[in-house]
Amino acid sequence: MIMNHYAQSHGIKVDAVIPEPLFSNQLLTTRWSKKSKNLCDIILCSIHQLPQDECIIDDFLDDMQDVKVHFVLENLSGIGRGFLLEKIAETAIFQRSEVVTYKEANSYKALFQMMRDERTD
């Protein structure tokens, strides 16, 4: 639904929907479809769908460097190896971040207190 809204509000005509396996971050189906359907734009839900496995990043970049990639949740789009590498690096930063569970901070006040306590340690 959000991807359809994004496409409509950005004047993108969607003529194919490519289902990727759940929790896959290699985009193999999309890469295969790009070659067979000559895709020029793809819409992804988030930068967190980009590959992080060093073994496949170069192949991914080779396959997708001439495709304009749109990331709906981040409201970003761009084209080229540099743009994609930048987003892959940004995703890696998020993945290294400490996860705060709702039991540790179940309100903004508790989260603020926890963050303040970490700075004073």
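A polar contact is a pair of N or O atoms within 3.5 Å; within protein, one must be able to donate a hydrogen and the other to accept it, and residues adjacent in sequence count only if both atoms are side-chain atoms. In the predicted model described here, local features need pLDDT of at least 70 and side-chain atom pairs count only at pLDDT 80 or more, while totals for chains, interfaces and linings use all residues. Residues are numbered from 1 along each chain as its sequence is written, and side-chain values use heavy atoms, with hydrogens and water left out.

A polar contact of 2.7 Å links the side chain of H70 to that of D41. H70 belongs to strand β2, which covers residues 68-71 (strands are DSSP runs of E, at least two residues, and helices are runs of H or I, at least four, numbered from the N terminus). The relative accessible area of H70 is 4%, so this residue is buried (under 20% relative accessible area, 1.4 Å probe, protein chains only). Apart from neighbours within four places in sequence, the residues in contact with H70 are Y6, I12, D41, I42, I43, L44, L76 and S77 (contact means heavy atoms within 4.5 Å).

Five helices and three strands make up the secondary structure of the chain, in the sequence order α-α-β-α-β-β-α-α. The C-alpha atoms fill a box of roughly 55 × 35 × 25 Å along the principal axes. Of the 121 residues in the chain, 31% are buried. Among contacts with a separation of 6 or more, 60% are between residues 24 or more positions apart.

Technical notes:
Buried < 20%, exposed > 50% of the residue type's maximum accessible area, 1.4 Å probe, protein only.
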